[in-house]
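Biologist: I would like to go through this structure feature by feature. Please give the general idea each time, and then the case at hand.

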Amino acid sequence: MTELEAGRAGTLAPVHGGAALGRYRDILIALIAFAVLASLPLFTGSKALLDFVIRCSAYGLFATSLNLLVGYTGLTSFGHGMFFGLGAYSFGLIMQKLAVPIPVAFVATLAITALIAAVIGAICVRLKEIYFAFVTLAFQMLIHSTILSWASFTGGDQGLRGGIPRPAFLGINLANHVHLYVASCALLILGLLAMRQIAQSPFGYTLRMIRDNAARASFLGIDVWRTKLTVFVLAAVFAAMGGMVMALFVSGAYPEFAYWTISGEAIFINMLGGVSTFLGPMVGTVLLLLLNDTVTRFTEYHGIVLGIVILFFALGLRKGLLDFVAEWFSQRRDAGEER
């Protein structure tokens with residue numbers, strides 16, 4: 001090895017070592033988080049609490065997948081909810097019509113979603129900013145209209161009726177509420193861990209470069225269209241995972257899962273939690289579901305309360321809660337170092 005090569009190797013070794021250390025740290029945190037969540041039924045008999053965590057799993061996967069587009073790539077999608085709905089409907093229909101094992105239906109749903117997302121994304125990612133946002137919304141409305149009009153196949157405005165079969169596999173019975181809860185937690189942790197590795201990989205930093213200056217990234221030799229299409233498909237797959245969790249939770253699929261308001265909820269979640277920190281969407285998910293569950297108990301005008309909360313974050317904090325906390329700690333740390 002020449003001296004130049006030796007010097008380069010010496011420079012890159014700490015970088016690769018740091019990346020590996022960060023990956024092991026993420027895996028350790030994921031294992032601890034799963035152990036805590038999975039042990040929750042041992043300490044509480046509250047079905048409402050377990051249901052809340054399952055809903056957080058579904059919406060958390062969905063909102064975090066949207067942040068791959070919004071926070072990391074700079075692509076604001078108003079139609080990301082179509083993949084949440086596709087995941088729920090594809091999984092439910094496969095289980096009802098084909099009666100295959102749940103893992104097979106799970107993989108098939110992800111494959112179907114990836115294929116449809118590749119077709120839609122090939123069109124959408126060529127567009128910029130507001131045009132991208134509204135064309136994704138147009139595709140979502142198309143899928144929602146298809147669900148409503150194809151009543152003989154999708155159940156129309158009544159949704160998939162008759163429930164979703166849940167045959168046991170590998171000793172796991174998703175008809176059992178505790179088994180469903182643990183499986184939902186596992187999918188949440190695995191999905192978050194996978195998205196975290198994507199965000200911290202060289203591909204993730206390429207997304208940031210495209211977000212900050214797509215023209216410069218293209219000048220440096222990055223295929224911007226292919227990179228955007230890849231992250232669009234990946235985000236769709238993780239959104240479909242959330243849709244499958246929700247379909248199992250409610251034992252069905254409904255047109256509301258693919259309506260434009262579901263995309264609005266995901267954007268609202270990201271506004272609440274923040275898009276600059278990886279766990280911001282998860283924090284936003286917990287906040288939104290708590291707000292919905294709490295406010296609806298006391299008033300039927302919950303929309304007004306949520307609107308006030310949006311104004312507080314948009315005009316008061318001007319960022320999500322976790323972004324605000326992270327920035328506050330960073331400023332405190334910098335102030336301490338200056339002293």
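Biologist: Which residue forms a salt bridge with Arg226?

Modeller: This is a predicted model, so side-chain pairs count only at pLDDT 80 or more. In general, side chains of opposite charge can pair when their charged atoms come close. Here the partner of Arg226 is Asp223, with the closest N and O atoms 3.3 Å apart.

Biologist: Is Arg226 buried or exposed?

Modeller: Arg226 counts as exposed, at 52% relative accessibility. Asp223 is partly exposed, with a relative accessible area of 37%.

Biologist: How many salt bridges does a search of the whole structure find?

Modeller: The search finds 7 salt bridges. One of them joins Asp51 and Lys47, whose closest N and O atoms are 3.2 Å apart. Both residues belong to helix 3 (residues 47–73), where they are 4 residues apart, about one turn of the helix. Asp51 is buried, its relative accessible area being 15%.

Biologist: Which residue meets Arg196 in a salt bridge, and at what N to O distance?

Modeller: The side chain of Arg196 meets that of Asp26, at 3.4 Å from N to O. This pair links distant parts of the chain, since Arg196 is in helix 8 and Asp26 is in helix 1 (residues 3–38), 170 residues apart. Asp26 is buried, with a relative accessible area of 11%. A network of salt bridges links Arg25, Asp26 and Arg196.

Biologist: Now the helix packing. How do the axes of helix 8 and helix 11 cross?

Modeller: Two packed helices are described by the angle between their axes and the distance between the axes. For helix 8 (residues 177–200) and helix 11 (residues 224–250), the axes come within 11 Å and cross at roughly 170°. That crossing makes helix 8 roughly antiparallel to helix 11, because angles over 145 degrees count as roughly antiparallel.

Biologist: Which residues of helix 8 and helix 11 meet?

Modeller: From helix 8 the residues include Leu180, Leu187, Ala194 and Ile198, and from helix 11 they include Leu234, Phe238, Met241 and Val245. By class, the contact of helix 8 with helix 11 divides into 11 nonpolar residues, 2 polar and no charged.

Biologist: At what angle do helix 12 and helix 13 pack?

Modeller: Helix 12 (residues 260–273) and helix 13 (residues 280–298) pack at about 110°, with axes 7 Å apart. They are therefore roughly perpendicular to each other. Among the residues that meet are Glu265, Phe268 and Ile269 in helix 12, and Pro281, Thr285 and Leu288 in helix 13. The contact of helix 12 with helix 13 has 6 nonpolar residues, 5 polar and 1 charged.

Biologist: How far apart are the axes of helix 8 and helix 9?

Modeller: The axes of helix 8 and helix 9 (residues 202–212) are 4 Å apart, and the packing angle is about 65°. Ile198, Ala199 and Gln200 in helix 8 meet residues of helix 9, including Pro202, Phe203 and Arg208. This contact of helix 8 with helix 9 has 5 nonpolar, 2 polar and 1 charged residues.

Biologist: Where does UniProt place the feature "transmembrane region"?

Modeller: The unreviewed UniProt entry places this feature at several spans, including residues 27–44, 56–78 and 178–199. In the model, residues 27–44 are 89% helix and 0% strand, with the end C-alpha atoms 26 Å apart. Residues 56–78 are 78% helix and 0% strand, and their end C-alpha atoms lie 21 Å apart.

Note on methods
Residues numbered from 1 in each chain as written. Predicted model: local features only at pLDDT ≥ 70, side-chain atom pairs only at ≥ 80, totals over all residues. Heavy atoms only, no water. Axes fitted to C-alpha atoms, helices over the stretch in contact; angles between N-to-C directions. Helix = DSSP H or I, 4+ residues; strand = E, 2+ residues; numbered from the N terminus. Parallel < 35°, antiparallel > 145°, perpendicular 65-115°, else oblique. Contact = heavy atoms within 4.5 Å. Nonpolar A, V, L, I, M, F, W, Y, C, P; charged D, E, K, R; others polar. Salt bridge = Lys/Arg side-chain N within 4 Å of Asp/Glu carboxyl O. Buried < 20%, exposed > 50% of the residue type's maximum accessible area, 1.4 Å probe, protein only. UniProt positions renumbered as here; feature names shortened; annotations may be inferred.
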